[in-house]
Amino acid sequence: MSGKGLLLGAPIVCAAAACPAYAADEISFDVPSGPLNVALLSYASQARISIDTSDPALRSIRVGGLKGRFSLREGLRRLLKGTGYDYLVSRGNVVRVLRQTNHPPQRVAPDRGRAATSPSSPRPGVQAPPSAEIIVTSSKQNVALVDYPGTFHVTSFTEAQSLHAGGSGSEVLLRKLPNLTSTNLGSGRNKIFIRGIADSSFNGQLQSTVSQYFGESRLTYSAPDPDLALYDIEKVEVIEGPQGTLYGAGSLGGVIRVVPHLPIPGEFSLSGTAAMGATGGKVGGDSAVVTNIPIGRHAALRIVGYRIVRPGYIDDVERNLSDINRTSVSGLRASMRMEFRDGLSIDAGIVTQDTGSRDSQYIDGPPSSTLTRRSLVAQPFNNDYRLAFGTFRADLGFAKLVSNTSYTYHTIDTVFDATSPVAKIPSIFEESMLVRLLTHETRISGSSDWISNWVSGFSIARNTNRIDRFLGPPDAPATIANIHSETLDAALFGEATLRVWRNFSINGGGRLSLFRRTDAFNIESNQAVVEPPSPEMRFLPTAALSWKPWKGTIGYIRYQEGFRSGAQQLTGSGDQAAVTRFQPDEIRTFEIGSRFGQNAGSQLSGGLSYAYSRWNRVQADLVTSTGFPYVANLGSAHVHYISADLVWKPSSELGLELSGFQTISVLDRPSPNFEGEEEEALPNVADGGWRLSGRYEPWIGTTKITLDGSVGYVGTSVLGVSAPFDIPQGNYLDTAIGAKADFGRWGLSLDIENLLDSRANRFSYGNPFSVANGDQRTPLRPRTIRLGIDARF
């Protein structure tokens, strides 16, 4: 097989009635994203035709792949759309790929069915209406976005964008999507919330409210966001609302799925980036290298390595130290892909990332522009993340099979200053957390004439979480507590969409979960082994009705549920020890919404949705007024959430996007311990917010110039639901601008974040042992300038 002639080596001889080139029936395609010449190779193999790929420029053009059933010509049209190439079917069933006149070749974003955002853009910005169909792969059924009855967001990256923005990690998503909120303890220790479903500001032993995935593998279960760098990432998908039916426990607010680029057999490529950044006069930087190495004709190895240094910007006047919160991140990802005949493939790989901060990033004292605090000891933080995974895929003809197994080993070490303000004798509180997560899922999905999409499968997850806590002098703190939690969750699930009448469809499904959580405590050397509770069974249904009145438009109503397993809390010690066992919290959500302009070529697109959530028995990781962690049941709450977005792209060079949300969250039925907090808002949920972004992408000769900028507003929220933690935060503007020149394989960029150099309080917490004083704040990172270069070979 050669890329310098007929892609399949020689013309295929077949009867006219059997050869797909002449058949009227549609062909099932699953062409991966990547270089155009490799995509055409995959297309030709699946269609049983020959394609002439003698043009060497095909290797430098990336396409978003193709997934679905199409005729031969329609599939080629979709695959080549936006690339600057057309096709011609010649005698002998050979397809010639021809460059269009007066149309320079374009690099299309590597997203199946996603519109291309310019490769020269420094960060994901305005999302153009689709030039091809957007596929919601997080639905596990590959549903087209125009058919999906729910709120979905996708941020796609070209190769250059991923190299440029990858070092910012989750901050890219928080800037792009106002619907996402986060605490601001620091990289590797934050909690992300979706659609106003937030339990507390503090990390602890509870399961997350958002499920995060890397490809098919679950990233976390009961740990903060690892904040993986987004180098060599194809796209990030976010589904709003509880996803208990397809994703099980811990997806109360929604799901975030990071989709990496897969290794590409038959191709060698190398790309990289290097940049220098400055925050308040202090210098940092980031660098990354990505390589794709072919192994034979049907396998490849893909390796990503990176190093990021984020300058500190806080001074400790007590210890006479400057820039104490300097943070470093280093990571390595390696994956191998083997492709076989008949649609079989195996992917295996590892993900590693080490994040370390020299000190916490909070300030104290009265509000001012001075970024300083006073502490007697350092408060470092480390988050070391390891993930190993294997994924098997098979095309069964009538359906597709996906089977994934992954194992996570995650250590998190935190130190807080626990010095008494009276004695002023240096003392620390240290917490070491070890999380081990083993997951497996096997599912099968497909479609038929009367069921447009369906999926069915089973999953099992075993999560163990050990927390060791120490208190005392910095050089020899004593053990004060050991907590060991183990959760086992096994489930059967299924979901399907049925067209019932004209443009109306109904969607329904359910998940039957069998789960058990056990906890063991050791408090001040008095061990208390809690009797394991009996396994619990829970059924999580979903149902939706959608209507497509005209092309590119959908209206829908949807009902969804989610839950988290109940935790246990030990109080007292010795003979006075008592165990409180909490019931699982559960959420029920009703949503109504619509989207328009989803058809190809639409200049105006957008959506509007409203969701009402009833959240019962809200569990939360809290701290006492003196700083020590514990678990509590806040009671029950309701959340009203409305969001809207509008995208206008009058030309290929100009695009504008406006999005916003409004939230009303109320703890209307507090538990006995919080009876005085009725009608209080849930923590860390801004009452509203919006973002306006724009992008201008002209050509100057053969150079692509990109100018973009954004301004966003984050409304007011509170740190906690009860005194002394009902401290206001938020109410600030977030601004950024960028410029980039793309000279083919090379690119130069300049970006400025926090353009106005705001010192607003993003989050009101850094140290639980002194936060009750009410003078802690975690400000926005000061104005940061980044000058970078990237290259692709």
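Q: Which residues of β1 make up its covered face, and which its uncovered one?
A: In this predicted model, Ile27, Phe29 and Val31 form the covered face of β1. Ser28 and Asp30 form the uncovered one. In a regular strand, side chains alternate between the two faces of the sheet.

Q: What makes β1 and β5 a pair?
A: Two strands count as paired when there are at least two bridges between them. β1 and β5 have 5 bridges, in the antiparallel sense. The pair therefore meets the cut-off. Within it, Ser28 stands opposite Arg69 in β5.

Q: What does Phe29 touch beyond residues up to four places away in sequence?
A: Phe29 touches Tyr43, Gln46, Ala47, Leu66, Lys67, Gly68, Phe70, Ser71 and Lys400. Contact here means heavy atoms within 4.5 Å.

Q: Which residues touch the most other members of the largest nonpolar core?
A: They are Phe29, Leu36, Leu40, Tyr43, Ile49, Ile51 and Leu79, out of 24 residues in this core. β1, α1 (36-47), β5, α2, β6 (85-90) and β7 (94-99) each supply at least two residues. α1 gives the most, with 6 residues. Another core, of 23 residues, lies apart from it; Leu173, Leu219, Ile256 and Leu387 are among its members.

Q: Why is Val136 called buried?
A: Buried means under 20% relative accessible area. Val136 has 0%, so Val136 is buried. The residue sits in strand β8 (residues 135-136).

Q: Which residues is Val136 in contact with, leaving aside neighbours within four places in sequence?
A: Val136 is in contact with Asn142, Val143, Ala144, Leu145, Tyr148, Phe152, Glu237 and Ile239. As for Val154, its C-alpha atom is separated from that of Val136 by 8.6 Å, and the two residues are 18 apart along the chain.

Q: Why do β10 and β14 count as standing at the edges?
A: The open sheet has 5 strands in the order β10-β15-β16-β13-β14, with mixed pairing. β10 (152-156) and β14 (217-218) each have a single partner strand, so one side of each is left without a neighbour in the sheet.

Q: What makes β13 and β16 partners, and in which sense do they pair?
A: Strand β13 (residues 210-214) and strand β16 (residues 254-260) share 5 bridges, in the parallel sense. Pairing requires at least two bridges, so these strands qualify. Tyr213 has Arg257 in β16 as its bridge partner.

Q: What lines the second largest pocket?
A: The lining holds 30 residues, and Gly68, Arg69, Ser447, Ser452 and Asn453 lie nearest the centre of the pocket. The elements that give two or more residues are β1 (27-31), β5 (66-70), α2 (72-80), β9 (143-144), β25 (399-417), β26 (428-446) and β27 (451-472). β5 provides the largest share, 4 residues. The volume of this pocket is about 900 Å³.

Q: Buried or partly exposed: how are Asn731 and Asn754 classed?
A: Buried means under 20%, exposed over 50%, and partly exposed in between. Asn731 has 47%, so Asn731 counts as partly exposed. Asn754 has 4%, so Asn754 counts as buried.

Q: Where is the cis peptide bond that has omega near 5°?
A: The bond runs from Ala723 to Pro724. Pro724 lies in the loop between β41 (703-718) and β42 (728-743).

Q: What share of the chain counts as buried?
A: Of its 793 residues, 59% count as buried. The chain has 5 helices and 46 strands. Among contacts between residues at least 6 apart in sequence, 67% join residues at least 24 apart.

Note on methods
Residues numbered from 1 in each chain as written. Predicted model: local features only at pLDDT ≥ 70, side-chain atom pairs only at ≥ 80, totals over all residues. Heavy atoms only, no water. 1 Å grid on protein atoms, 1.4 Å probe; cavity = no way out; pocket = protein on both sides within 12 Å on 5 of 7 lines; lining within 4 Å. Points joined across faces, edges and corners; volume = space filled by probe spheres on them. Buried < 20%, exposed > 50% of the residue type's maximum accessible area, 1.4 Å probe, protein only. Core = buried A, V, L, I, M, F, W, Y, C linked by side-chain atoms within 4.5 Å.
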